[in-house]
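Please view the sequence and the model alongside the text.

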Amino acid sequence: QVQLVESGGGLVQSGGSLRLSCAASGRIVRINTLGWYRQAPGKQRELVAHIGTGGDTNYADSVKGRFTISRDNAKNTVYLQMNSLKPEDTAIFYCNARIVSSPWDSGKDYWGKGTGVTVSS
């Protein structure tokens with residue numbers, strides 16, 4: 001089937017940067033939309049950034065100007081460059097992808113298992 005594997009999380013000081021990666025593998029005909037979500041302790045999962053097939057992007061207001069989402073279609077990979085990190089960015093970050101696995105389906109949503117980001121003050 002399809003797997004999404006995130007990497008790049010870790011511990012960073014406030015004001016620092018991290019780059020998350022998410023690689024998709026398996027039965028992939030096409031990857032439509034890609035996104036990064038996060039879930040902080042005690043909070044609901046929320047959308048951080050989203051990128052469409054044409055490279056169009058949108059961001060949560062809380063990360064605009066600090067985070068940048070990008071995709072490498074040749075590598076089936078999506079990235080999240082996170083700059084000027086704040087303690088409130090601490091969360092588990094999850095990759096989401098809508099992937100078409102056969103010419104007959106319209107795509108299915110897949111999730112990675114998450115990568116932890118901790119920002120110390």
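The model is predicted. In it, strand 9 spans residues 91-100, and eight of its ten residues are buried, so this strand is largely enclosed by the rest of the structure. Burial here stands for a relative accessible area under 20%.

| Partner of strand 9 | Residues of partner | Sense | Bridges |
|---|---|---|---|
| Strand 4 | residues 30-39 | antiparallel | eight bridges |
| Strand 10 | residues 108-111 | antiparallel | four bridges |
| Strand 11 | residues 115-120 | antiparallel | three bridges |

Leucine 34 has alanine 97 of strand 9 as its bridge partner. Arginine 98 lies opposite aspartate 109, a residue of strand 10. Opposite alanine 91 stands valine 117, which belongs to strand 11.

An open sheet is formed by four strands, arranged in the order 1-3-8-7 with antiparallel pairing. Its edges are strand 1 (2-7) and strand 7 (67-72), each of which pairs on one side only. On average, and with direction ignored, neighbouring strands of this sheet are turned by 15 degrees against each other.

Within the order 1-3-8-7, strand 3 (residues 18-26) and strand 8 (residues 77-82) run antiparallel and are joined by six bridges. Cysteine 22 stands opposite valine 78 of strand 8.

Definitions and conventions. Residues are numbered from 1 along each chain as its sequence is written. This is a predicted model: local features need pLDDT of at least 70, side-chain atom pairs count only at pLDDT 80 or more; totals for chains, interfaces and linings use all residues. Side-chain values use heavy atoms; hydrogens and water are left out. Buried means under 20% relative accessible area, exposed over 50%, partly exposed in between (1.4 Å probe, protein chains only). Helices (H or I, at least four residues) and strands (E, at least two) are DSSP runs, numbered from the N terminus. Two strands pair if DSSP finds at least two bridges between them. Axes are lines fitted to C-alpha atoms, for helices over the stretch in contact, and angles run from 0 to 180 degrees between N-to-C directions.
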